[in-house]
Amino acid sequence: LVEGADQPWPNNMDPSTDTHTFLLWENGAPGALGTTEEDKPTLTLFPARAAGAAPTTAVIIAPGGSYGRLAANHEGRQVANWFNSLGVTAFVLRYRLGPRYHNPIEMGDAHRAIRFVRAHAGELGIRADRLGFMGFSAGGHLASTVATHFDAGNPSAPDTVDRMGSRPDFVVLAYPVITMTADY
């Protein structure tokens, strides 16, 4: 958090109109194996509304990349721009990947992203009850996992983000990995 502020963005930023990248955990992600950029999951906001406009639907996008890299341009930023053209606020998730990270780390990053957006929905200009999750390929596998493995949050957690539920209101699976058998 910015010193003296109660939100995770600079005081001069308007989260309803400015693109910004947020760290999902300010003091280091649980299970982090280092302190490089790859060890720090983030969300990049692509707002779709003008200041003062009604809150929008939002979607968190998990790019694919064969579980070892993220296709953050064509399965991230470009998709976010397309959602913006439809009036939907988008977030691109940079989650931790193999070979260093494995399940349940990725799912924890995705759950945290959903909780983070819900916790800041009012400031971000989105509707907390219309938050979806979309994933491509390996990100589609992650999307199907968060759609079926979620919780209601911890109402007594000291971190207000952790008090939010992690269930997405809708999911979009784009050519998801749905099996790990050798035939496919």
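A residue is taken as buried when its relative accessible area is under 20%. In this predicted model, aspartate 39 has a relative accessible area of 2% and is therefore buried. Its side chain meets that of arginine 100 in a salt bridge, with an N to O distance of 3.3 Å. The two partners come from distant parts of the chain, 61 residues apart: aspartate 39 belongs to the loop between strand E1 (20-23) and strand E2 (42-46), and arginine 100 to the loop between strand E4 (89-94) and helix H2 (105-119). In contrast to the buried aspartate 39, arginine 100 is partly exposed, at 41% relative accessibility.

A search of the whole structure returned 9 salt bridges. Among them is the pair formed by arginine 96 and aspartate 109, whose closest N and O atoms lie 2.6 Å apart. Because arginine 96 is in the loop between E4 and H2 whereas aspartate 109 is in helix H2, this pair ties together parts separated by 13 residues in sequence. Both arginine 96 and aspartate 109 are buried. Another salt bridge joins the side chains of arginine 127 and aspartate 129, at 3.1 Å from N to O. Here arginine 127 is partly exposed, with a relative accessible area of 34%, and aspartate 129 is likewise partly exposed, at 47%.

Glutamate 75, located in helix H1 (residues 73-85), is buried but has no salt bridge. The nearest side chain of opposite charge is that of arginine 69, at 6.8 Å; a salt bridge would require a nitrogen within 4 Å of a carboxyl oxygen. When neighbours within four places in sequence are left aside, glutamate 75 is in contact with Ile61, Pro63, Gly64, Gly65, Phe136 and Tyr175.

Helix H1 also takes part in a right-handed β-α-β unit with E3 and E4. Strand E3 (residues 56-62) pairs with E4 in the parallel sense over 4 bridges, and E2 runs antiparallel to E4, to which it is joined by 5 bridges. Valine 92 of E4 is the bridge partner of threonine 44 and also of isoleucine 61. Isoleucine 61 is, moreover, one of the residues in contact with glutamate 75. Of the 6 residues of E4, 5 are buried, so the strand is largely enclosed by the rest of the structure.

How values were computed. Residues are numbered from 1 along each chain as its sequence is written. This is a predicted model: local features need pLDDT of at least 70, side-chain atom pairs count only at pLDDT 80 or more; totals for chains, interfaces and linings use all residues. Side-chain values use heavy atoms; hydrogens and water are left out. Helices (H or I, at least four residues) and strands (E, at least two) are DSSP runs, numbered from the N terminus. Buried means under 20% relative accessible area, exposed over 50%, partly exposed in between (1.4 Å probe, protein chains only). Lys and Arg count as positive and Asp and Glu as negative; His and the chain ends are not counted. Contact means heavy atoms within 4.5 Å. Two strands pair if DSSP finds at least two bridges between them. A crossover is right-handed if, with the strands pointing away from the viewer, the path from the first strand over the helix to the second runs clockwise.
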